[in-house]
Amino acid sequence: MRHLIDPLDFTYEETLRLLDLADRIHDDPAAYKDVAYRKRLASLFYEPSTRTRLSFEAAMLNLGGQVLGFPDAGVSSASKGETVADTIRIVSCYADIAAMRHPKEGAPLRAARYSRIPVINAGDGGHSHPTQTLLDMMTIRRRKGHLDGLTIGFCGDLKFGRTVHSLIKSLSRWPNMKFVLISPEELRVPDYILTEVLDPKGIPYVETRSLEEALPQLDILYMTRVQRERFFNEEDYVRLKNSYVLTKAKLAQAPADMAVLHPLPRVNEITLDVDDDPRAAYFEQAQNGVYMRMALIMTLLGLKDPKTGEVAFQC
Amino acid sequence: MLKVDEIQNGVVIDHITAGTGLALYHLMELEKLNDASVALLQNVRSQKSGKKDIIKIEGDITSLDFNVLGYLDPQITITYIENGHVTRKVRPEQPKQLVNVIKCTNPRCITSLEEGCDHIFALTPSGRYRCIYCEQEFKVQNL
């Protein structure tokens with residue numbers, strides 16, 4: 001039995017196989033409508049989420065499976081003080097696979113250590129969000145045709161932005177990558193990403209404060225929201241929330257084939273007039289997320305792809 | 001230079017990161033040694049690192065746990081002395097995992113909420129210890 005807790009839990013080859021399966025689902029989703037018949041997904045969301053929760057639930061329903069769970073810690077036994085370890089032991093009796101979002105970092109790993117079913121990390125605090133990473137990679141690969149040799153700009157909250165950390169870690173396994181890290185000083189990417197992920201592999205990166213200067217050199221621009229819920233101090237949030245806003249006018253400086261990604265939800269960091277630009281890829285990401293999670297559920301449950309007669313890889 | 005008598009029987013803990021000697025002193029519970037003299041030297045000039053701390057212990061050291069030094073500071077050297085002669089000079093080994101030895105101080109970590117959750121730190125390829133849950137690095141300065 002395997003879990004997906006960290007973006008690097010799958011090898012480079014396994015990740016490629018998963019991306020290939022997600023692409024096949026993308027191209028013919030109807031072929032997969034009964035693959036998970038009578039299987040159940042436990043959707044354990046200890047903090048509010050629209051996209052990720054609905055995406056997981058839609059993925060399971062698209063596969064012909066069923067969903068049970070809770071959308072908020074307030075309506076679970078967590079409100080009575082039940083531990084994550086106890087909750088997953090119980091859920092293991094009711095479901096075949098679990099997706100967990102939790103405000104505390106490491107909660108899905110804690111669950112995985114006690115679980116009898118595969119656990120998927122659906123986001124743990126400011127730490128990690130591996131399924132977002134997979135769908136980001138799927139979107140980048142579909143837009144650019146490949147994942148290697150890209151210059152990727154990350155912009156906004158690079159300190160608490162778990163999607164940023166996860167994506168940098170994962171893409172660092174592809175050759176000839178370059179990263180441009182655009183953030184205010186207070187929201188710089190954590191040092192360990194630089195010293196333990198990028199530096200040891202000799203991956204070039206630039207830290208800058210200027211989105212405008214970075215734009216012309218980018219293949220991908222990954223925008224992020226400054227997240228109110230990650231701040232202990234409201235004053236800091238108010239001061240930093242409007243640091244970067246991508247507008248149609250600024251986008252004029254970017255290459256014509258650049259793609260703009262965003263994990264969503266956005267607040268005001270991408271203005272509405274960017275939505276119609278062909279470079280806007282953030283709604284595609286949301287759609288790809290369903291296909292990617294279908295591929296992940298199938299693989300962790302050991303379900304065969306009806307197109308190939310094989311599982312993506314053994315778990 | 002401050003002069004401390006040479007040790008006849010005991011141990012010298014050298015190359016301690018400057019400023020962390022006192023934390024190490026308390027962590028090794030050196031204040032509880034009844035039959036040994038202990039000298040803590042802080043901010044000693046060092047060719048390698050500019051400044052360092054040193055701890056010298058003269059007397060019975062059999063009750064001391066030197067394993068604790070491995071995760072605190074892998075640069076440390078331990079020199080054993082008997083009858084005025086150096087008998088052994090070693091670097092402490094770094095355990096691959098520490099369970100409930102040090103605590104994760106990240107308020108966002110599951111260890112800060114979950115009852116009965118062990119505090120587990122794993123050794124990374126770069127020689128640092130990180131909480132397995134939130135990946136926050138353990139720093140001896142935080143002790």
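Colleague: In which order do the five strands of the open sheet in chain B run?

Modeller: Strands are DSSP runs of E, at least two residues, numbered from the N terminus. Two strands pair if DSSP finds at least two bridges between them. In this predicted model, the order in chain B is β2-β3-β1-β4-β5, with antiparallel pairing.

Colleague: Which strands stand at the edges?

Modeller: β2 (36–46) and β5 (85–90) of chain B do. Each has a single partner strand, so one side of each is left without a neighbour in the sheet. From one strand to the next, the twist averages 20°. Axes for such angles are lines fitted to C-alpha atoms, and angles run from 0 to 180 degrees between N-to-C directions.

Colleague: How many bridges join β1 and β4 of chain B?

Modeller: Five, in the antiparallel sense, between β1 (residues 10–17) and β4 (residues 77–82). B:V11 has B:Y80 in β4(B) as its bridge partner.

Colleague: Now chain A. Is A:D277 buried or exposed?

Modeller: Buried means under 20% relative accessible area, exposed over 50%, partly exposed in between (1.4 Å probe, protein chains only). A:D277 has 5% relative accessibility, so A:D277 counts as buried. A:D277 sits in the loop between β9 (259–261) and α11 (282–300) of chain A.

Colleague: What does A:D277 contact, leaving aside neighbours within four places in sequence?

Modeller: Contact means heavy atoms within 4.5 Å. A:D277 is in contact with A:K248 and A:L251.

Colleague: How should I read the numbering and the cut-offs?

Modeller: Residues count from 1 along each chain as its sequence is written, while chains are lettered from A and ligands numbered from 1 in the order written. Local features need pLDDT of at least 70, side-chain atom pairs count only at pLDDT 80 or more, totals for chains, interfaces and linings use all residues, and side-chain values use heavy atoms, leaving out hydrogens and water.

Conventions: Helix = DSSP H or I, 4+ residues; strand = E, 2+ residues; numbered from the N terminus.
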